Amino acid sequence: HAALRLTVVLAQKPIIAVMVRILGLMGPIASGKSAVTNCLRASQCPVVDADEIAHQLQSDPCGVVHKRLVARFGDDIKGPDGIIDRQKLGEVVFGDREKLRA
């Protein structure tokens with residue numbers, strides 16, 4: 001497991017300290033990040049997925065992230081349901097170096 005347990009006796013009361021390993025996983029598109037993440041989840045390791053969090057924040061039309069993205073890149077990034085279409089957003093952002101920096 002990714003956590004090791006260490007028991008310390010202090011004043012006749014055991015204290016359990018947990019040592020946690022934190023992994024950062026990054027890489028280019030189609031490099032296997034999702035496969036590694038799935039293996040970690042299958043091993044019951046807790047996973048914080050920044051892509052999932054960003055997707056949730058972008059999907060809330062009442063949220064600050066959604067509103068700021070639409071204000072910055074325009075209504076064209078929204079799908080018919082009013083939710084940000086990530087493919088359209090990617091085309092706008094990655095097709096323009098200035099917008100990529102924004």
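How many helices and strands does the secondary structure of the protein chain come to? The answer is five helices and two strands, where helices (H or I, at least four residues) and strands (E, at least two) are DSSP runs numbered from the N terminus. This is a predicted model, in which local features need pLDDT of at least 70, side-chain atom pairs count only at pLDDT 80 or more, and totals for chains, interfaces and linings use all residues. Residues are numbered from 1 along each chain as its sequence is written, and side-chain values use heavy atoms, with hydrogens and water left out.

**Overall layout**

- Read from the N terminus, the elements of the protein chain follow the order β-β-α-α-α-α-α.
- The protein chain has 102 residues, and 14% of them count as buried (under 20% relative accessible area, with a 1.4 Å probe and protein chains only).
- Among contacts (heavy atoms within 4.5 Å) with a separation of 6 or more, 15% are between residues 24 or more positions apart.

**The largest pocket**

- The largest pocket has a volume of about 1100 Å³.
- Its lining has 34 residues, and those closest to the centre are Leu25, Thr37, Val48, Asp49 and Ala50.
- A pocket is an open set of points on a 1 Å grid over the protein atoms alone, where a 1.4 Å probe fits, with protein on both sides within 12 Å along at least five of seven lines; lining residues have an atom within 4 Å of a point.
- The volume is the space filled by probe spheres set on the points, which are joined across faces, edges and corners.
- Helices α1 (33–42), α2 (50–59) and α4 (86–94) each supply at least two lining residues, and α1 gives the largest share, seven residues.
- By type, the lining divides into 17 nonpolar (Ala, Val, Leu, Ile, Met, Phe, Trp, Tyr, Cys and Pro), six charged (Asp, Glu, Lys and Arg) and eleven polar residues (the others, Gly among them).

**Thr37**

- Thr37 lies in helix α1.
- Thr37 counts as buried because its relative accessibility is 11%.
- Leaving out residues up to four places away in sequence, Thr37 touches Leu25 and Val47.

**The largest nonpolar core**

- Seven residues form the largest nonpolar core: Leu69, Val70, Phe73, Ile77, Ile84, Leu89 and Val93.
- Two or more residues of this core come from each of α3 (64–73) and α4, and α3 gives the largest share, three residues.
- Such a core is a set of buried Ala, Val, Leu, Ile, Met, Phe, Trp, Tyr and Cys residues joined through side-chain atoms within 4.5 Å.
- Ile84 touches Gln58, His66, Leu69, Val70, Ile77, Lys78 and Leu89, not counting residues up to four places away in sequence.

Conventions:
Buried means under 20% relative accessible area, exposed over 50%, partly exposed in between (1.4 Å probe, protein chains only).
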